[in-house]
There are 2 protein chains.
Amino acid sequence: MDILNLLNSHKSIRAYADKDISEDLLDELINASCRASNTGNMQLYSIIATRDKQLKEKLAPYHFNQKMVTEAPVVLTFCADLNRFEKWCDQRNAQHGYDNFQSFYWATIDAILAAQNFCIAAESRGLGICFLGTTTYLTKEIIEVLNIPKHVVPVTTVTVGYPKDDNAPLSDRLPVEGVLHKETYHDYTAADIERIYAPKEALPENQNFVKINNKENLAQIFTDIRYKKEDNELFSERLLNTLKEQGIF
Amino acid sequence: MDILNLLNSHKSIRAYADKDISEDLLDELINASCRASNTGNMQLYSIIATRDKQLKEKLAPYHFNQKMVTEAPVVLTFCADLNRFEKWCDQRNAQHGYDNFQSFYWATIDAILAAQNFCIAAESRGLGICFLGTTTYLTKEIIEVLNIPKHVVPVTTVTVGYPKDDNAPLSDRLPVEGVLHKETYHDYTAADIERIYAPKEALPENQNFVKINNKENLAQIFTDIRYKKEDNELFSERLLNTLKEQGIF
């Protein structure tokens, strides 16, 4: 399959067949994951692959009981990891200084690049994946379940398995002109915003979603239901506190 | 080409042929970039494609004059962008609350996922890419050159072009066991660290690097030369200040 076709046909897969992923295949995919670019070749990430049923059940509530966590054969928690590199430095009489936001930010980038490589590799082998953004909400609880030490922070979770069905349509995206700026950033005029968001707002499923939720428009679905200001602020504070507890600040 | 082979043969390309990238090809690659997973399908990122020679020359010092910035036909600055989504909400009477760390973190993840999709798409079409981690160092200066508004923060830069030569060897990676944890995180013993880092330390180019820099070992190359504690702390403070100035906190 052409690689652009693979990228362009990506869908999040939330229902998995009752079929395991072999250790060999998982190793092959993790190996490809690690070929992603990373900061200074320090590889400031770790990947936790959870298959155990009881552990997945313990994780599930901290991902708001999304069924993929218990139903997928493998749950991968991608972590920003400064700990391993620091331990190496400690054993080499090298005075490191990675307990700061900049280093954590590199580690976040490294973890996400590795995660996306994993997902593309997995999809190329017929697997389906779903990213769980919930990882940065109840991060402290996930840290406890997965026995994650200081200077390591889970940043995203990917569930992976063979798709039960993949009949779902592609999700929509903004037109390229909506995200691409030529030469410098060109801030959006009111007319730009109207044009860029019109196709998304016109989709029957989105119009139906607005109707059944009794909202005025699609934007309110995001601000009043899915990503409310008070939740965002609460989870911000929690995440910053967890970063402090993990020794990042 | 098999997709795993493509991922496994990734190299950062730092020398580019004098050959432009067509607008059509760039649009095709950005389109594939946007198919990446993202938070709640909000697509909280923007991509700035800079081709103009003078602009690239203005950017170059803020990437520590790495030659890829001026020599690559296209410099892509991937930004965490809450601004576009907020403007849409404003035009829809939707009370948003995205000026916080959690939302910025989602936007960072979205931008990096899109960046990695772009890179894989580009490599599948014979282009070469290089990530510039410098984006999070002199972020404020990059913001000024690229005219980036509040609630938008550049998070990584990718230079892209046709490779001048690609004879460089693959860079090394830790063995899979070095980054993969089964079921839960298993913290590294001293013996683990020795085993995991041994192949990297044994590489002739790394041993030579240690020798010419007059250091005891490879870890000190990182801590004493490449990523010094005082620099990391300085750039952390700068990045946090820039986030404040951009209205994130």
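Predicted model: local features only at pLDDT ≥ 70, side-chain atom pairs only at ≥ 80, totals over all residues.
Local features need pLDDT of at least 70, side-chain atom pairs count only at pLDDT 80 or more, and totals for chains, interfaces and linings use all residues. Residues are numbered from 1 along each chain as its sequence is written, chains are lettered from A in the order in which they are written, and side-chain values use heavy atoms, with hydrogens and water left out.

**View 1. The contact between chain B and chain A.** With contact taken as heavy atoms within 4.5 Å, chain B contributes 119 residues and chain A 119 residues. The two chains bury about 10900 Å² between them, 57% of it on carbon and sulfur atoms, where buried area is the accessible area (1.4 Å probe) lost on putting the two parts together, summed over both. R35(B), W88(B) and Y185(B) supply 8% of the area that chain B buries against chain A, more than any other three residues.

**View 2. A salt bridge between E194(A) and R92(B).** The closest N and O atoms of this pair are 2.8 Å apart, and ten salt bridges are counted between chain B and chain A (a side-chain nitrogen of Lys or Arg within 4 Å of a carboxyl oxygen of Asp or Glu). On the side of chain B that touches chain A, helix α6 (residues 101-124) of chain B gives the most, with 15 residues; helices are DSSP runs of H or I with at least four residues, and strands are runs of E with at least two, numbered from the N terminus.

**View 3. Strand pairing across the two chains.** Strand β5 (residues 180-182) of chain A and strand β1 (residues 45-50) of chain B run parallel and are joined by three bridges, pairing being assigned if DSSP finds at least two bridges between two strands. Within β1(B), I47(B) is the bridge partner of L180(A).
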